[in-house]
Amino acid sequence: MAEALQALLFRPERKLVSVGLTWLDQAARAAGDNADEYALALAYAFACESPDIQERAVRLALKHGARFTPSGAEVIRDALGLLPPDLGEQLVTMFGGEVAADEDDDFVPVPLPELPSLDAGFPPIEDIRELGVFPDREDWQGTERWLAAFVRFCTEDRDLLRSVLARRTSWPTRLDVQPEWRYLDQWSEAMARQIVTPEIRFDPPPVSSSVPWPSLSSRLPSPARVSPQHLFLLRRWAEVHAALRAGTLPPYLLATPTSGTGHLDPGVLVDRLEGYERTGVKALDVDLWQALLRLPRSIAPEVVARAGGLTSRAGSTAARWMSDRPSPVTAVGWTRGFTPCAGDREPSGGEHPDLVPRIDLRYGESGPPLDLRYGESSLPLELPYGEVDPPPDLPRGEFSPLRDLFSDPDRQRWDGHSVYLPWWPAVLPSDREVVALHCLPSLLYQWNALGAESGILRALARADGVAGEGVALLLAYFLVERDSRLGGTQPNAGVRVLVGMAERGDLPAAEVGRQLALLLRRAWFKLGAVV
């Protein structure tokens, strides 16, 4: 038995060594007061390259230390040099000897590698012929540029735009028989056909349709069928389509980004609003909200002062937003079913863990605590939440992006829920923690639903706003999870982001460590994946 264990624990494969340590533990217990014949096999495990295997071997040596005679202890003592100093020191008290000295490798620090920048400019489409091709669904930048150019050319040269789009819409359409338009390319096609054939109308399908009709006038899907971010995007496109039909389309949009991160330069927004006021143009509601959400959280005082001179409703809203922007308060809870985990040291108990993110929006620094509930189950996360309602001079109505985008993420996921997931950081580029929390409910179970890929993490690393528990948990996840939802690999994705955020000085290092510990304690990840 001892020779078989020596041969097994001498192997380089981590899984084989792990099995060998299990057998060695059983054999050592059966050996009674003398386990010397297994000392050499245990020493072989010290040489394994896997840190978690080394840690386990040290624990077994301490567990069975009293079973070794001086002869067996000498074998253990002679192998201490195979262990890192911190592990070797744990065995010195029981077995004696000396640990390996820290190696002096003459390390010279070098500058951290610079990550590719996403903060490049956002050049507009100048060649109208580019509008003849609808961008790919995953290409948020291309689709934003298409929408901005479409609105601009509607004013600058509608006849030329009509001739370009006529070739793109020469085939029969199915828009009139589709009960809802859940994708931006459907709305883009509808806008293009409206330009080519101004009198076109897309009548709703018969009432007897097997698919429930969500909105006879807008064809927007029910909020229960898409994510808040997805619906927000659809509302923007639907708003442009409605303004086109009504003849109230502005000459340009307010929310078109000026940066590859999705941000909008505050000075540019003031310029655009000043242009609206000079010509008496009324801002589109959702377009204004998207513009406000794309502003950075730090705005130069002189720009805020310029915004204060605006006189339109849209201008005064922007001025108020720049001077008193609401701040989200967030938390991440862990549950076992519907039972919340009481503290960080509580494991999952063998049950499947779930992540339960919480989001609230607060104006000012104080407010009463909010009762945190999910359905009928109370989840007391003990956080000071504040008032939910926006100030009276901000837009209100049936649709409020503050309510929809800054509410608790739905715990469930369904087909198509994450269709526009790559867009989310660009919708809320200054609220990366909120975007991260919306990615969490399906994070641990991505074989059931499409979830966050490492590209989302890279975008959030370059975004603005607090990086709290949600961003830290995503980063910790990509340190231990190497397989993407599509079956490919994304090696070191988390490491690259960690290095980049450390270089920029916005890495929540302590929180990443905490979330990493929670993943290792409550889920199925192993420390070996990290090191």
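**Entry 1: cysteines**

I started with Cys 48. Its relative accessibility is 9%, so Cys 48 counts as buried, the cut-off being under 20%. Next I looked up Cys 154. Cys 154 is buried too, with a relative accessible area of 6%. Then I asked how many disulfides there are. The count comes to 0. I reminded myself what was being counted: a disulfide is a covalent bond between the sulfur atoms of two cysteines.

The protein chain averages a pLDDT of 79. I noted that 79% of the residues score at least 70. Where does pLDDT stay under 50? One such stretch is residues 207-216. For residues 207-216 the model has 14 contacts beyond four places in sequence. Over residues 364-399 the pLDDT is also below 50. That stretch has 74 contacts in the model beyond near neighbours in sequence. I wrote myself a caution: where pLDDT is low, the predicted coordinates should not be read in detail.

**Entry 2: the whole chain**

I stepped back to the protein chain as a whole. I found 21 helices and 5 strands. The chain has 531 residues, and 50% of them count as buried. Last came the surface. The chain exposes about 25400 Å². Carbon and sulfur atoms supply 53% of that area.

**Entry 3: Gln 194**

Gln 194 sits in helix α9, which covers residues 184-196. Is Gln 194 buried or exposed? Its relative accessible area is 6%, so Gln 194 is buried. I then asked which residues Gln 194 touches, leaving out those up to four places away in sequence. I listed Ile 200, Arg 201, His 241, Leu 244 and Arg 245.

I went to another helix. Trp 23 is found in helix α2, residues 14-30. Its relative accessible area is 42%. Buried means under 20% and exposed means over 50%, so Trp 23 is partly exposed. I also asked which residues make the nonpolar surface patch here. Trp 23 makes it with Met 1 and Val 19. The patch is about 310 Å².

**Entry 4: recap**

Gln 194 in helix α9 is buried. Trp 23 in helix α2 is partly exposed.

Terms used. Residues are numbered from 1 along each chain as its sequence is written. This is a predicted model: local features need pLDDT of at least 70, side-chain atom pairs count only at pLDDT 80 or more; totals for chains, interfaces and linings use all residues. Side-chain values use heavy atoms; hydrogens and water are left out. pLDDT is the predictor's confidence in each residue, from 0 to 100. Contact means heavy atoms within 4.5 Å. Patches are made of residues with over 30% relative accessible area and no salt bridge: like charges are joined within 9 Å, nonpolar side chains (Val, Leu, Ile, Met, Phe, Trp, Tyr) within 5 Å. Accessible areas come from the Shrake-Rupley method with a 1.4 Å probe; for residues, only the protein chains shown count as cover. A salt bridge is a side-chain nitrogen of Lys or Arg within 4 Å of a carboxyl oxygen of Asp or Glu. Helices (H or I, at least four residues) and strands (E, at least two) are DSSP runs, numbered from the N terminus. Buried means under 20% relative accessible area, exposed over 50%, partly exposed in between (1.4 Å probe, protein chains only). A disulfide is a pair of cysteine sulfur atoms within 2.5 Å.
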